[in-house]
Amino acid sequence: MIKKFSDKKQDNSFVYFILKLGVFFIFLLCIDSVFGSIIRYYYFKQKSGLEFATTYSIEKTTANILIFGSSRANHHYNPAIFESQLKMSCQNVGRDGQEIFYHFAVLKAVLHRYSPKIIILDFNWEEFIKDQVSYDKISSLLPYYRNHPEIHPIVNLKSNYEKIKLFFKSYPYNSTIFYVILGNTEYNLKKRNEINGYVPLNQIWNKPVNTYNELKKYELDTTKIKIYESFIKDCINSGIELYIIHSPYFARSNYLDKSIEIGQVIAKKHNVPFYDFTNDSVFINNQILFSEPAHLNDKGAKIFSNMIINKIWQPN
Amino acid sequence: MIFNSISYLLFLPIVLIAYYTFPFKIRWLWLLVASIGYYLSFIPIFLILLAVIVCVNYLMAIWLSMVSDKRSGHLFVAIIVMNLIILAFFKYFNVLFPDNQLHLYNVDLFFRVNPINKMILPLGLSYIIFTVLSYQIEVKRKNIIPEKHFGYFSLYLFFFPKIAQGPIERPQQLIPQLHQTHHFNYTMIVEGLKLMLWGYFKKLVIADRLAIYVNAVYNNSEHHNGNTLILATIFFAFQIYADFSGYTDIALGTAKLFGFNLTNNFRRPYFATSIKDFWDRWHITFSTWLRDYLFLPVAYFLANKMSKPKYLFVSTDKWIYLIAIMITFSICGIWHGVGWTYLIWGILFGIYLTYSNWTGSLHKKLRKRLHIKKISYYYLIYKTILTFILVLFAWIFFRADNIKDSFNIIRKILTFNGTVFLGDTFEVINSLIFSFFGIGFLLIIELKEEYFSNTFSFFNNTNWIIRNLSYALLIISIILFGVFDGGQFIYFQF
């Protein structure tokens, strides 16, 4: 009798707990929805900054020439020069610190809307290195998950639980609040001189060139390699002229980076030009063209952009 | 399957529902199976080692309780030495065999196998060994009779909320709870969930956020100025606290869901007014372990050996304290890791405590002469800040990669030079803003708990809306400001 009473009491408190938990969860979802909607509104209302650049690349650009890549793309390719010489609209859709996952997601979103005529993909040293951070960076695509099903497979690479996390409306805006606030002010516009995605750097590097003699060993990420090949295939299937370019570093390398080697082999397999500027004499002997070893300054970008145009421009 | 992973948040409700569904008689078995399952989600091969430790200690303890007092001494020493050798072997394996190429495998929830090509310390080994030593000492001292039920004994060591990082539970605290029947207790479950939530906030919003700046600075300390290093050191103090106490809150909260009360490891340590007070509030189960099983036995041993009232004009009590505390804190340092930095960290605390012990009466006289009341508000603030600075100084050694870096950091800090590192992009500033928000929030909550515990509370408010809105906002702040790619807890490595 006592046992039965105790069991019944336990059942009741269990039901009570589940009910209260359910009510709290609904309450939480309402609060989350309010926060998520407010931040979303201001996120997409931004007029400047990195998030704005991504939104513009994914949802708005209709340029004939698109330049993909990391910060090195941002600082090395001046769309104004491409536009004036090739008489085609050009947008630099590169983003600081981003890698092939981001580039492929942006490409997918762009191809969902239209097909550009020319795409330049800036290829980095150690592009295919296995590194968890590359997957963490996919979070910059989370705000676009809801309206862009074409990028779902790439976002899902971040972790097995992204779908669960995205159940919360605020989650896509994790750690972005201050960027969103700034993007809604004049701060970025004043600080970052950006023209069609190109960000000129004005400093001049004044230290001697570094030389790398030993082949750096690192583990390759097969997923990155597959995504890179998919990027090439999608461009080819959409009839886009694709150029893959390893833009210059102010560093002398006496070995061929494993990623560049693989990148070249895959590009060759699909008959896509791959231009490697490692140890290019124009740049390696001219530190005044660099802002720092990984980035050209505005002067260097002008020269480099013209060199690329000469390579891709084929008069009929 | 670390606590801050989604896998754990999926694993826990499954285990919990099954636990309350099963009859009382087999619930311990289910908890043991779940604990083994939890352990298997790290590096499965180490489960064999743990199983051996459990079996051997189970039998040894029973044997120890059966042999006569005369013979038990040797057996007891053998048990202690055996456990310490196991711990030392794994802890210092990479020092003994620096070029080892062992192939260990980590298996995740999806049975994906990730190779780890170097020896690593088996998860929770330090905590298990310290728990088992405490058990054996209590058996030897006849404070407890050995647990006869192998299942309960195994669960005492394996219980998954505490296996990875403690708390180091005394047998008197946990074993009786294993024998009890745990009904579904609404209040305890809600308490557990609240504690877990607060733990997640500390880990994801505070600790992992602070880690970004701390790692950026400390990993390149030679390129940073004194002021930046001061800020990074302050951040590290809060990072390690939020990380470890966050873990403890999650562990305690998880245990409460199953009806168990584990011992709290932290009691607002940065509000301590002396170094002794700090150690009464920091990693409590470890510090009391060291006090009861190392400091006091050493002190008693010395008291028996040192018969004169004074040595070198200093009272014997003070000498005993010095020797016992230095031994205790040296071992405390070595327990934390291989390397001189950890040893110095431990010795520093030994010095602080000895200084406090030796000059205690002098300070008292000075206070009297200057008419400073011990309960004076300003004196309390002065002591709290001074204690924090001393602890901060010790953290430099704990966090720096090596001795050389530690001294370079101290040298730079003492110059108080330069502007604080803000980086080229807005990322660092963003991280700093979140960091200050996290520390500020933590301090406000703890300040209230420390000095104004009976005043208005959002989280324990009687109004349903205010209380639940507070918790909902805490969850939203985790979602919005948490670092979800931060990785494991700092004390996992110890």
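Start by selecting strand β1 of chain A, residues 65–68. Both of its faces are covered: I65(A) and I67(A) on one side, L66(A) and F68(A) on the other, and all of them are buried. Strands are DSSP runs of E with at least two residues, helices are runs of H or I with at least four, and both are numbered from the N terminus.

A word on what's on your screen: this is a predicted model, where local features need pLDDT of at least 70 and side-chain atom pairs count only at pLDDT 80 or more, while totals for chains, interfaces and linings use all residues. Residues are numbered from 1 along each chain as its sequence is written, and chains are lettered from A and ligands numbered from 1 in the order in which they are written.

Next, show where the two chains touch. The contact takes 26 residues from chain A and 19 from chain B, with two residues in contact if their C-beta atoms, placed from the backbone, lie within 7 Å. On the chain A side, α1 (2–43) and α9 (177–183) each supply at least two residues. The largest share, 12 residues, comes from α1(A). Colour that side by type and you get 17 nonpolar, 7 polar and 2 charged residues (Ala, Val, Leu, Ile, Met, Phe, Trp, Tyr, Cys and Pro are nonpolar; Asp, Glu, Lys and Arg charged; the others, Gly among them, polar).

Hop over to chain B, with its 19 helices and 4 strands. Its C-alpha trace spans about 65 × 60 × 55 Å along the principal axes. Of its 494 residues, 36% count as buried. Among contacts between residues at least 6 apart in sequence, 72% join residues at least 24 apart.

Last stop: helix α7(B), residues 150–158. Which of its residues are buried? Select F153(B), S154(B), L155(B), Y156(B), L157(B) and F158(B). Their cover includes α2 (24–40), α3 (46–66), α6 (125–140), α8 (160–163) and α9 (171–179) of chain B.

Technical notes
Buried ≥ 20, exposed ≤ 12 C-beta atoms within 10 Å, placed from the backbone.
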